Amino acid sequence: MKRKLLALTLALAMGLSLAACGGDTAETTAPAETGAVEATTPAETGDDVITVGFAQVGHESDWRTASTKSAQDVFSAENGYELAFVDCDNDSATQLSAVRNFIQQGVDYIIIDPIVSTGWDAVLTECEDAGIPVIVIDRTIDDSDKYVSWVGSDFKVEGLACGEWLKAYAADKGITEINALVIEGSVGASATIGRTEGFKEIADREGWTILDSQSGDFTEAGGQEVMESYCQSYAGQFNVVICQNDNEAAGAMTAMDNAGVTYGVGGDVILVSFDANKPYVQMVMDGKINANFECNPMAAPTVAEIIQQLEAGETPEKEIYVTESWFAAEDNVTSITVNGEEQPVIHVTQEVLDARPY
Ligand code: GZL
């Protein structure tokens with residue numbers, strides 16, 4: 001009961017301080033069946049258990065698996081939490097419905113990793129009315145700020161870093177013409193929007209050609225399907241493939257293998273990926289992937305700190321960025337500068353690989 005009173009006080013404070021959010025997003029989607037709710041219930045329930053509802057994007061990628069594991073490790077019974085986890089299977093209607101179910105369950109806190117960045121203001125208003133603080137992780141919500149904090153990555157910076165690395169790499173290799181194919185992530189996801197925008201900004205500045213840019217939905221199957229189509233449509237025309245996550249890169253490699261297209265160090269095509277999950281950092285070390293731009297999935301520890309701040313009546317930061325690294329197969333580009341900030345490009349050695357946490 002103590003936490004409920006605290007949350008209600010917070011919600012009232014938030015309601016008073018928040019500027020009106022632009023644009024009503026009328027709920028047009030009828031609530032669908034929610035995903036299976038998996039609650040990790042502590043052996044001993046007590047007054048000090050904090051209940052957390054987590055509406056996760058889905059299970060589409062290795063990155064997602066790491067993100068989910070991070071939350072399950074942190075919000076465990078032994079750590080004093082009861083986690084109600086919903087895998088929303090990349091379905092926005094399921095995700096909105098899952099959040100509404102958390103409200104009905106009366107959880108203490110709600111975590112959302114939003115599948116898409118719009119359509120959120122109505123349900124976030126319902127959370128606020130119910131006095132349940134919302135913490136957003138990873139992808140962003142762009143049509144409402146009725147949440148306490150967001151913890152994640154700057155996706156545009158990831159895209160810019162990719163472009164700046166490619167510029168430096170091409171210069172070192174004497175490559176004067178870039179004809180790129182992009183395999184985008186899920187449509188409407190802020191990760192897709194940011195990475196696409198960042199890379200295109202550099203491509204436009206450098207006069208590169210982006211021959212095509214289609215969604216592989218952040219999955220291996222999607223990456224393979226798009227790359228098979230590219231190998232047909234753009235045979236012999238491209239020398240760069242940008243995959244917006246590791247699973248798409250895996251699919252693209254299969255398609256290029258089948259089409260007899262060589263890639264990676266010494267190949268005809270420069271292959272770039274995002275996420276930098278450990279198996280794909282291994283592929284960078286092996287020279288299959290030329291560069292990989294990390295997207296850190298470990299937001300849960302920071303979310304736990306935010307919850308503890310709220311429990312203590314403190315006000316957390318509104319935006320908290322996680323740290324990320326850039327990896328390359330060769331050591332010919334040692335650093336790049338993005339938005340005026342220089343950051344090393346890490347040449348992947350066995351020591352670097354062994355040190356990777358996920
Ligand atoms: C980005 C995250 C993306 C990953 C993909 O933060 O939302 O979704 O890059 C995942 O692997 O599917």
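How many nonpolar, polar and charged residues are there in the lining of the second largest pocket? By class, that lining has 6 nonpolar, 4 polar and 5 charged residues. Keep in mind as you look around that this is a predicted model.

Let's stay with the second largest pocket for a moment. About 210 Å³ of space lies in it, and 15 residues line it, with Thr140, Asp142, Trp150, Phe155 and Ser190 nearest its centre. If you follow the secondary structure, α5 (155-173), α6 (190-206) and β12 (319-321) each give at least two residues to this lining. The largest share, 4 residues, comes from α6.

Now for the largest pocket, which has a volume of about 280 Å³. Its lining is made of 13 residues, and those nearest the centre are Asp154, Val157, Trp326, Glu341 and Gln343. Here the strands β14 (335-338) and β15 (341-347) each supply at least two lining residues. Split by class, you get 6 nonpolar, 4 polar and 3 charged residues.

The ligand, though, sits in the largest cavity. Of the 13 residues around the ligand, Glu60, Asp138, Arg139, Arg195 and Asp275 come nearest. Oxygen atoms of the ligand pair up with polar side-chain atoms at 2.4 Å for Glu60, 2.5 Å for Asp275 and 2.8 Å for Arg195. On its own the ligand exposes 310 Å², and the protein buries 100% of that.

As for the shell around the ligand, α2 (62-74) and α6 each supply at least two of its residues. By class, the shell divides into 5 nonpolar, 2 polar and 6 charged residues.

Technical notes. Residues are numbered from 1 along each chain as its sequence is written. This is a predicted model: local features need pLDDT of at least 70, side-chain atom pairs count only at pLDDT 80 or more; totals for chains, interfaces and linings use all residues. Side-chain values use heavy atoms; hydrogens and water are left out. On a 1 Å grid over the protein atoms alone, a cavity is a set of points where a 1.4 Å probe fits but cannot get out, and a pocket is an open set with protein on both sides within 12 Å along at least five of seven lines; lining residues have an atom within 4 Å of a point. Grid points are joined across faces, edges and corners, and a volume is the space filled by probe spheres set on the points. Ala, Val, Leu, Ile, Met, Phe, Trp, Tyr, Cys and Pro count as nonpolar, Asp, Glu, Lys and Arg as charged, and the others, Gly among them, as polar. A residue is near a molecule or strand if one of its heavy atoms lies within 4 Å of it. A polar contact is a pair of N or O atoms within 3.5 Å; within protein, one must be able to donate a hydrogen and the other to accept it, and residues adjacent in sequence count only if both atoms are side-chain atoms. Accessible areas come from the Shrake-Rupley method with a 1.4 Å probe; for residues, only the protein chains shown count as cover. A molecule sits in a cavity or pocket if more than half of its atoms lie within 2 Å of its grid points.
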